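Subject: Structure for your files, with notes

Hello,

The structure is below, and my notes on what was found in it follow. Please keep the two together when you file them.

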Amino acid sequence: MLEFQTPKKQISRTWGITDDPIGDPLARRAEEILRQNAPYPGDDLGKEETLSPERFLIYRISETRHVIMDSGSHLGIDYEIASYLLHNPNFFISDWYMKRLAEPLDVPRFMLRYRQQRTPMGDAIPERVVNMLNAEVRLPGESAEDRFFCHRVQYENHSIYEIFDQELNYYVRMDERFLRNEKLNVSHWYAKQLLKGYQKLNSLMLAKELEWENNHFRLLY
C-alpha cells in the first residue's frame, strides 16, 4: 500500500476534490441484489415492507462477518454471513438467502431450484472506485466517463486493486485491506498519489538539469 503525507485539507483547497467516502460497496451491492429478487419464501405480499426499497440493511460487524437485517422477513431475525462470500464475484446472495428463509417452511428442493435467480455479486469494490474517480471533475486532465479502470489482482494470501488513469497514463495500486475503511475518500487518496507523482517527476527532472550545472543557486533566479 502506498502512503502519502500531503494533508487532506491541502488537496481540497487546491483542487476542490469532492468529499465522498467509499462506504461499504459489498454491503450496498448485496442489498441491491436482495431487493431486486424479492419476494422470498414466507413473505407476505400484502405487507409494504416486502417490496420496500428500504427492506434490507447490511453492515460489517467484524473483519470477517457481515449481518443482514430484513424488515420484511417472516422470521424476524438477522442473519450473519461470511464477508468472503460477498467478495466472491460469482456468489449468488439472493439464492443463499432464499434457502435460509425456506428452511423452517419445509419448501421442497425442486421449488427452491425453480425459484433460483442466480444473480452474481460481481466485483463491487472496483466498480465503486471507478464510479467515484470518473465522477470527479476536478482532477488534472480531461474528465470522462471511462477515464479510469480498476480491477482486482489475487495473490496467494491477499488481493490488491490496480487503478489506471487513461488521461494521464498513470497507474497506481491499492491494498484490499485499505479499502475496508468505510471513511476512505478514494478521490482524495488518488489526488495525493498524483501530487507525489508530480513531486517525484519534478525531482527527477531537476536532478537531470543539475547534472551539468556548477552554480546550482543560479537556477533560483
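Helices (H or I, at least four residues) and strands (E, at least two) are DSSP runs, numbered from the N terminus. On that basis the elements of the protein run α-α-β-β-β-α-α-α-α-β-β-β-α from the N terminus on, which comes to 7 helices and 6 strands.

Two notes on the source. This is a predicted model, in which local features need pLDDT of at least 70 and side-chain atom pairs count only at pLDDT 80 or more, while totals for chains, interfaces and linings use all residues. Residues are numbered from 1 along each chain as its sequence is written, and side-chain values use heavy atoms, with hydrogens and water left out.

Overall

Of the 221 residues of the protein, 40% count as buried; buried means under 20% relative accessible area, exposed means over 50%, and partly exposed is in between (1.4 Å probe, protein chains only). A contact is a pair with heavy atoms within 4.5 Å. Among contacts between residues at least 6 apart in sequence, 53% join residues at least 24 apart. Glycine 23 sits in the loop between helix H1 (8-15) and helix H2 (25-36) and is partly exposed, because its relative accessibility is 22%.

The length of H6 agrees with expectation, because 12 residues at 1.5 Å a residue should span 16 Å and the end C-alpha atoms are 16 Å apart. (The expected span is 1.5 Å times one less than the number of residues.) The buried residues of H6 include Val129, Val130, Met132 and Leu133.

The core

A nonpolar core is a set of buried Ala, Val, Leu, Ile, Met, Phe, Trp, Tyr and Cys residues joined through side-chain atoms within 4.5 Å. The largest one has 46 residues, and those with the most contacts inside it are Ile68, Ile93, Tyr97, Val129 and Ile163. Leaving out residues up to four places away in sequence, tyrosine 97 touches Leu34, Tyr40, Phe56, Ile68, Asp70, Ser73 and Tyr79.

Salt bridges

A salt bridge is a side-chain nitrogen of Lys or Arg within 4 Å of a carboxyl oxygen of Asp or Glu. The count comes to 12. Arginine 55 and aspartate 70 meet at 2.6 Å, N to O. Arginine 55 is in the loop between H2 and strand E1 (56-60), and aspartate 70 is in strand E2 (residues 65-70), 15 residues apart. Both residues are buried.

Aspartate 165 forms a salt bridge with arginine 147, with the closest N and O atoms 2.8 Å apart. Aspartate 165 is buried, at 0% relative accessible area, and arginine 147 counts as buried at 3%. Arg29, Glu32 and Glu127 are linked in a network of salt bridges.

Backbone points to check

Most residues other than glycine have a negative phi, and most peptide bonds are trans. The bond from alanine 38 to proline 39 is cis, with omega near 10 degrees; proline 39 lies in the loop between H2 and E1. Arginine 118 has a positive phi of about 55 degrees and lies in the loop between helix H5 (109-115) and H6. Asparagine 169, in the loop between E5 and E6, also has a positive phi of about 55 degrees. Arginine 118 counts as exposed at 51%, and asparagine 169 at 59%.

Regards
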